[in-house]
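Take a moment with the sequence and the 3D view. The paragraphs below walk through them step by step.

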Amino acid sequence: MAGTMEDQLLSLLADTQLSAEAPRKQAEQHLEQAKTNPAFPGSLAAIASHSSVSPQIRQSALLLLRTFVERNWSGESDDGPAVQIDEQVKEALRVQMLELATSGDADRKIKSAAS
């Protein structure tokens, strides 16, 4: 998996699953800050698509992506300012999620989360 955004998110997602409160909270704060980066949704989709990443991290990436998309897809939000998602990113996400949901080699839980 190439790219520093994916590497950073992968590390943060792993840290959110730690039992120690301080590093987990710090990772959650960094994830909140990362949401403003235009590469955020695509990086999460890339993490979810890599079979070399643990299923727990892939599921976490998909859950975070789903909540991000639900809040920001339309460009309007009742919960505060929405992060604009570029149309090319939206199209790429559609394709990636369809491929993941219909892939024969994906874990059943991953396929379900991608659906």
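Predicted model: local features only at pLDDT ≥ 70, side-chain atom pairs only at ≥ 80, totals over all residues.

Residues are numbered from 1 along each chain as its sequence is written, and side-chain values use heavy atoms, with hydrogens and water left out.

Start with the overall layout. The chain has 6 helices and 0 strands. Helices (H or I, at least four residues) and strands (E, at least two) are DSSP runs, numbered from the N terminus. Along the sequence the pattern reads α-α-α-α-α-α. Of the 115 residues in the chain, 34% are buried. Buried means under 20% relative accessible area, exposed over 50%, and partly exposed in between (1.4 Å probe, protein chains only).

Now turn to helix 5. This helix covers residues 87-102, 16 residues in total. From first C-alpha to last it reaches 23 Å, close to the 22 Å expected at 1.5 Å a residue. The expected span is 1.5 Å times one less than the number of residues. Asp86 caps the N-terminal end of helix 5, with a side-chain oxygen 3.3 Å from the backbone nitrogen of Gln88.

Which residues of helix 5 are buried? They are Lys90, Leu93, Met97, Leu100 and Ala101. These residues lie on the same side of helix 5 because they cover an arc of only 100 degrees around the axis. The arc is that of the directions from the helix axis to the C-beta atoms. An α-helix has 3.6 residues a turn, so residues three or four places apart point the same way. The face turned away from the buried side of helix 5 carries the exposed residues Glu87, Gln88, Leu98, Glu99 and Thr102.

Met97 counts as buried because its relative accessibility is 15%. Its C-alpha is separated by 9.1 Å from that of Ala48, 49 residues apart along the chain.

The largest nonpolar core has 25 residues. Such a core is a set of buried Ala, Val, Leu, Ile, Met, Phe, Trp, Tyr and Cys residues joined through side-chain atoms within 4.5 Å. Those with the most contacts inside it are Leu9, Leu13, Phe40, Leu44, Ile47 and Leu65. Helix 4 gives the largest share of this core, 7 residues. Leu65 touches (heavy atoms within 4.5 Å) Pro41, Leu44, Ala45, Leu93 and Met97, not counting residues up to four places away in sequence.

Conventions: Polar contact = N/O pair within 3.5 Å; in protein donor to acceptor, adjacent residues only side chain to side chain.
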